[in-house]
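Here is a short report for a reader new to this structure. Take a first look at the model, then read on.

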Amino acid sequence: MSDIGAYQGATPTPQDAGFGDYVELLKPRVMSLVVFTALVGLLVAPSGLHPVEIFAALLFIALGAGAAGALNMWWDADIDAVMARTARRPVPSGRLAAGDALAIGLALSGISIVMLGLAANLAAAALLAFTIFFYAVVYSMWLKRATPQNIVIGGAAGAFPPVIGWVAATGSVSLEALLMFALIFMWTPPHFWALALFMKDDYHTAGVPMLTVTHGRRATRLHVLVYTLLLVPVALGAALTALGGPFTLAVSVALNLWFVAGAVRIWRRDEAAAAADRNAAEKAFFRFSLLYLFLHFAAFLVEATLRSFGLGGW
Amino acid sequence: MQLRPTHELHLRRFSRNLGLGLTLAAFVVLVFALTVVKIGRGAPMQGYGQAVQPQAVPTPAVPTPAVPTPAVPTEEGP
């Protein structure tokens with residue numbers, strides 16, 4: 001306690017970050033989606049993994065996603081600082097040094113890949129390594145600032161976790177795993193473009209070429225509708241495979257009807273209507289898109305549980 | 001001597017150290033549990049650190065050639 005006096009009144013430096021700042025660096029909200037979809041991939045796959053192995057695989061997939069998030073925050077600190085939505089992140093707010101974010105991202109990448117290889121199998125570990133590379137390098141460093149299609153192609157990074165879960169459980173990729181990938185891949189563009197519709201100023205200020213910035217809001221509304229329509233057959237197709245059953249199909253039909261109705265509503269609105277109600281339809285669509293994905297994967301899980309009792313499935 | 005209140009810096013460092021300590025402890029427990037599960041489910045293994053025990057190493061089954069048994073003449077004739 002003898003050195004306290006020297007610190008009295010001192011402002012915290014990056015080296016004084018608390019544990020919560022490091023947790024925030026791993027993007028826990030994104031991680032929650034990764035954990036859930038990877039868990040579904042692990043549990044619906046036909047395998048006999050021990051619960052400890054499932055827990056370990058899930059933990060290291062989540063850790064890998066967190067590592068990718070840390071690398072993203074290191075690279076994007078400059079644009080995060082000028083966007084209201086991201087300005088309070090640990091690096092742009094000065095609570096954590098950018099170099100620390102890089103070191104943590106690289107260290108956790110290595111640990112998560114090696115440990116997933118030991119806990120599950122090498123194929124899953126290789127897929128996790130590719131996912132981290134895709135998100136940190138292909139999306140963050142290249143696509144995000146280069147093309148308005150950044151969200152479309154970069155969406156693949158978020159679509160890999162259920163495939164990694166499936167491969168961790170079975171050791172190989174199958175049609176069901178690819179359909180779970182396609183579901184998230186096709187869901188990502190309308191989800192983020194809806195966000196961009198009511199966060200336009202943020203991306204514009206940061207110079208990120210989101211569709212709203214490069215092609216305008218009218219084109220973005222059309223893109224939301226088109227990608228939502230493309231998503232429907234993927235979602236229904238997944239419900240018709242071994243992943244699904246009557247229950248999943250019923251859930252999927254209801255969710256897709258609701259989702260398409262929301263996309264049509266966004267497409268038909270003009271900017272005056274959107275400004276009048278402060279983008280209420282766009283915000284509602286964005287919120288529902290989260291529920292849409294969650295309920296689809298929850299339905300896969302319910303169907304797999306029903307199947308284990310001799311019910312459900314086709 | 002009067003003790004001074006703990007500065008926010010100390011609280012931040014304490015939270016960081018405590019979090020890291022608990023994380024490492026959890027990691028050790030997880031690796032131990034994973035090891036127990038893997039070994040428990042594993043095939044018979046042979047450790048070569050000390051005396052070799054050939055009987056503990058599973059050997060591939062070698063098919064034995066069928067040896068025709070000679071016909072034993074019986075006392076009763078045909």
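## A buried asparagine

In this predicted model, N279(A) is buried, because 21 other C-beta atoms lie within 10 Å and 20 or more count as buried. N279(A) sits in a loop of chain A.

Which residues does N279(A) touch, leaving aside neighbours within four places in sequence? The contacts are L197(A), F198(A) and A274(A). I266(A) is 13 residues away from N279(A) along the chain. Their C-alpha atoms are 9.3 Å apart.

## The chain as a whole

Chain A has 15 helices and zero strands. Its radius of gyration is 21 Å, close to the 20 Å that the globule rule gives for 314 residues, so chain A is as compact as a globular protein of that length. Along the principal axes, the C-alpha atoms fill a box of roughly 70 × 55 × 35 Å.

Of the 314 residues in chain A, 49% are buried. Contacts also reach across the sequence. Take those between residues at least 6 apart: 74% of them join residues at least 24 apart.

## Two domains

Chain A splits into domain 1 (17–170) and domain 2 (174–314). Their centres, taken over C-alpha atoms, are 21 Å apart. Where the domains meet, 26 residues of domain 1 contact 26 residues of domain 2.

Which elements give two or more residues to the domain 1 side? They are helix 3 (28–44), helix 5 (77–82) and helix 8 (150–170) of chain A. Helix 8 gives the largest share, with 11 residues. By type, the residues on the domain 1 side are 18 nonpolar, five polar and three charged.

## The nonpolar core

The largest nonpolar core holds 99 residues. The residues with the most contacts inside the core are A57(A), I61(A), A70(A), L116(A) and I164(A).

I61(A) shows how such a residue is surrounded. Neighbours within four places in sequence are left aside here. I61(A) then contacts V34(A), A38(A), L116(A), L128(A), P161(A), I164(A) and G165(A). Two of these partners, L116(A) and I164(A), are also listed among the residues with the most contacts in the core.

Technical notes: Residues numbered from 1 in each chain as written. Chains lettered and ligands numbered in written order. Predicted model: local features only at pLDDT ≥ 70, side-chain atom pairs only at ≥ 80, totals over all residues. Domains from an automatic or database assignment. Contact = placed C-beta atoms within 7 Å. Helix = DSSP H or I, 4+ residues; strand = E, 2+ residues; numbered from the N terminus. Nonpolar A, V, L, I, M, F, W, Y, C, P; charged D, E, K, R; others polar. Core = buried A, V, L, I, M, F, W, Y, C linked by C-beta atoms within 7 Å. Buried ≥ 20, exposed ≤ 12 C-beta atoms within 10 Å, placed from the backbone. Rg over C-alpha atoms; globule rule 2.2 N^0.38 Å.
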